[in-house]
Amino acid sequence: MIEEKSIVKVAMADLNVCDSQGILRTTGLGSCVGLTLYDPLLKIGGMAHVMLPSSSIAREGQLNLAKYADTALPVLYNKLLTLGASPGRLVAKMAGGAQMFAFSGAGDSMRIGPRNVDSCKEGLEQMHIPLIGEDTGGNYGRTVELDCSTGKFTIRSVQRDIKEL
Amino acid sequence: MELFKHGKDFKMDVLKEVGNIGAGNAATALSQLLNKPIDMAVPQVQLIPFEQIAENVGGPEKIVLAVFLRVEGEAPGNLFFIMTPEAGKKLLHTLAGIEVSQDGVFTEMEQSAISEIGNILAGSYLSSLADFTKLSMMPTVPGLAMDMAGAVLSYGLLQFGEMGDDALLINTTFLEGEYEVEGQFFLIPDPETFAQIFEALGVPLEHD
């Protein structure tokens with residue numbers, strides 16, 4: 001029997017989880033980071049499209065937890081645990097955090113990509129989740145997919161070969 | 001946004017006029033550069049979720065050629081000049097008489113020329129706005145990228161990101177008929193800038 005897998009879209013500043021029937025997908029990552037967690041035994045995974053490094057800079061009333069690296073990771077983690085994932089089995093892969101435009105002296109906001117990556121790594125370290133695949137930095141955009149039946153993480157970009165982690 | 005709770009339609013109209021003046025001057029500058037008439041569409045002012053902004057240029061994965069400038073001064077914000085790569089090639093060919101390569105790759109010379117055109121147009125966009133509002137607006141050195149629209153435009157959303165999940169965008173399309181060179185200006189003022197603009201133009205911030 002051939003099973004049709006469904007694409008589960010993750011919007012900018014959003015996160016989602018799915019089981020082995022689905023493929024998590026987020027498009028057009030620039031300075032943003034596509035952060036994924038995966039439980040290889042249960043074949044369930046989650047993905048966040050992280051936009052900013054830290055919720056400490058937030059000035060919004062209703063905090064969107066999926067938007068910030070430091071808040072998205074715990075939410076993703078808890079969602080997967082609710083679905084039965086074991087903390088000891090979770091592994092992380094991520095991509096993005098590019099610097100699309102090269103500027104001289106345009107300030108800190110231009111370095112937002114590397115800062116997003118650093119913040120994600122810090123969070124993973126604190127939660128003792130191993131980062132087993134990474135395609136970050138550079139100056140180009142990425143579209144990423146996590147196939148939850150295999151844990152394969154696919155990265156597509158313009159004028160570059162498809163990468164699999 | 002809190003600021004648009006009162007008199008939203010009127011404030012949106014004011015911002016449309018802001019886009020009209022800015023892009024109108026930029027279109028004139030382009031028209032002089034090309035020595036060709038340039039048509040301009042009525043500006044659109046949109047308060048929309050981040051995810052939808054890239055839909056204006058064909059979706060987050062659509063490949064665009066973008067010149068990006070950060071605007072500094074009393075009314076900070078982000079300004080994009082966006083074209084399809086094909087339109088960029090046509091512009092170079094028409095304007096600079098450059099014998100462009102057709103393989104979708106931009107040589108260093110071509111990139112530099114596009115940046116400079118973007119710089120000139122953005123400069124005239126901003127200087128007309130600065131004259132109109134009497135607010136200082138200084139463009140930074142332009143950055144150029146040819147990549148997925150979502151990846152490129154996300155840079156204009158960082159300031160709004162701290163405030164919520166929507167951004168306010170002033171979008172103007174212009175078109176050069178004969179060669180079908182189409183481009184778009186996206187002005188995304190920082191959230192705090194709106195109060196500055198309204199105050200400068202004498203728009204009351206509160207209505208009852």
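Residues are numbered from 1 along each chain as its sequence is written, and chains are lettered from A and ligands numbered from 1 in the order in which they are written. In this predicted model, local features need pLDDT of at least 70, side-chain atom pairs count only at pLDDT 80 or more, and totals for chains, interfaces and linings use all residues; side-chain values use heavy atoms, with hydrogens and water left out.

Pairing requires at least two DSSP bridges between two strands. Strand 10 of chain A pairs with strand 9 of chain A in the antiparallel sense, over two bridges. A:T154 has A:E164, in strand 10 of chain A, as its bridge partner.

A loop joins strand 8 (142-147) to strand 9 (152-156) of chain A, and A:T150 lies in it. The A:T150 side chain reaches the backbone nitrogen of A:K152 at 3.1 Å. A:T150 and A:G137 are 13 residues apart in sequence. Their C-alpha atoms are 25 Å apart in space.

In chain B, helix 1 (a DSSP run of H or I, at least four residues) covers residues 8-34. This helix has 27 residues and reaches 38 Å from its first C-alpha to its last. That is close to the expected 39 Å, taken as 1.5 Å times one less than the number of residues. Just after helix 1 of chain B, B:N35 takes a positive phi of about 60 degrees.

An unreviewed UniProt entry places the feature "domain: CheC-like protein" at residues 12-45 and 109-144 of chain B. Such annotations may be inferred rather than shown by experiment. Residues 12-45 of chain B are 68% helix and 12% strand, with end C-alpha atoms 6 Å apart. For residues 109-144 of chain B, the values are 69% helix, 14% strand and 13 Å.

The largest pocket holds about 400 Å³ of space. A pocket is an open set of points on a 1 Å grid where a 1.4 Å probe fits, with protein on both sides within 12 Å along at least five of seven lines; lining residues have an atom within 4 Å of a point. Of its 17 lining residues, A:N139, A:Q159, B:Q111, B:A145 and B:M146 are the closest to the centre. Strand 6 (residues 143-148) of chain B gives the most to the lining, with four residues.

Terms used. A polar contact is a pair of N or O atoms within 3.5 Å; within protein, one must be able to donate a hydrogen and the other to accept it, and residues adjacent in sequence count only if both atoms are side-chain atoms. Grid points are joined across faces, edges and corners, and a volume is the space filled by probe spheres set on the points.
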